Amino acid sequence: MLTTAVPDRDLLVDHRGRPRAGVRTGLTHDQALLGTAFHEAGHAVLALVHGMHLVSSEVVAWLSGPGQSTVTGRTNFSAARIEDVHPWRFAAQAAAGSLAQVRYLMDYGLWTPERAAACPGTHDREQAVDVLAGMGYRLGIGHVPPGGKSWDQVRGMAWRRINRLWPQIRTVAHAMHENTKLTGEQIAAMTGLTNPPAPGGAA
């Protein structure tokens with residue numbers, strides 16, 4: 001649903017508290033909104049298959065200027081300790097958002113080099129680098145660090161998962177497009193995937 005209200009600040013900043021960069025896509029509002037739904041669905045579905053408890057996934061759209069709309073999204077998941085999540089699976093989940101968004105452009109006849117470049121997922125990549133560094137793993141950008149992996153390798157892992165799970169991602173994306181926000185349990189039910197228990201034992 002399109003609103004004139006600016007969303008919560010945490011939707012506008014990255015994990016370091018810096019403003020997220022806005023990118024013009026050349027898409028209609030509805031095309032951009034569905035693309036963002038695919039982005040979040042990519043995160044959500046890979047979070048489930050990689051053993052993270054999925055809390056919710058949503059898209060948010062608002063009027064950011066005269067005749068101009070902005071869309072963004074958020075997927076929340078939890079683990080008792082981040083160390084309990086396999087580091088490269090966590091990174092693949094982070095990469096899945098932008099890749100699912102690009103696959104959406106390809107499948108729906110909307111792909112252009114410029115639109116694909118507008119789906120970089122830079123904040124997802126930077127968060128993965130920081131989280132893995134905190135766990136003692138090295139995720140390189142443009143190179144393979146000693147004992148670690150490159151972002152391109154992680155994207156390859158994510159792309160293979162996306163191709164296998166595309167029907168589930170598509171189902172979630174269209175449901176999110178229609179309903180704005182879905183709970184982890186709703187996403188698990190519509191995909192046939194299992195939502196692992198929340199930390200502390202609650203389902």
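Is Trp88 buried or exposed? I looked this up first, and Trp88 is buried, with a relative accessible area of 10%. Buried means under 20% relative accessible area, exposed over 50%, and partly exposed in between, with a 1.4 Å probe and protein chains only.

A note on what I am reading: this is a predicted model, where local features need pLDDT of at least 70, side-chain atom pairs count only at pLDDT 80 or more, and totals for chains, interfaces and linings use all residues. Residues are numbered from 1 along each chain as its sequence is written, and side-chain values use heavy atoms, with hydrogens and water left out.

Next I looked for ring pairs, and a search of the whole structure finds 6 aromatic pairs. Rings of Phe, Tyr and Trp (its six-membered ring) pair if their centres lie within 6.5 Å; planes under 30 degrees apart count as stacked, over 60 as edge-to-face and the rest as tilted. One of the pairs joins Trp88 and Tyr137 edge-to-face, at 5.8 Å centre to centre with 80° between the planes. I checked Tyr137 too: it is partly exposed, at 34% relative accessibility.

Then I turned to Tyr104 and Tyr108, whose ring centres are 4.9 Å apart with planes at 45°, so this pair is tilted. Tyr104 is buried at 2% relative accessible area, while Tyr108 is partly exposed at 32%. Ring pairs also link Phe38, Tyr104, Tyr108 and Trp166 into a cluster.

Last, I looked for charges over rings (NZ of Lys or CZ of Arg within 6 Å of the ring centre and within 35 degrees of the ring normal). Arg103 has its charged end over the ring of Trp166, 4.4 Å from the centre. Lys149 lies over the face of Trp88, 5.7 Å from the ring centre.
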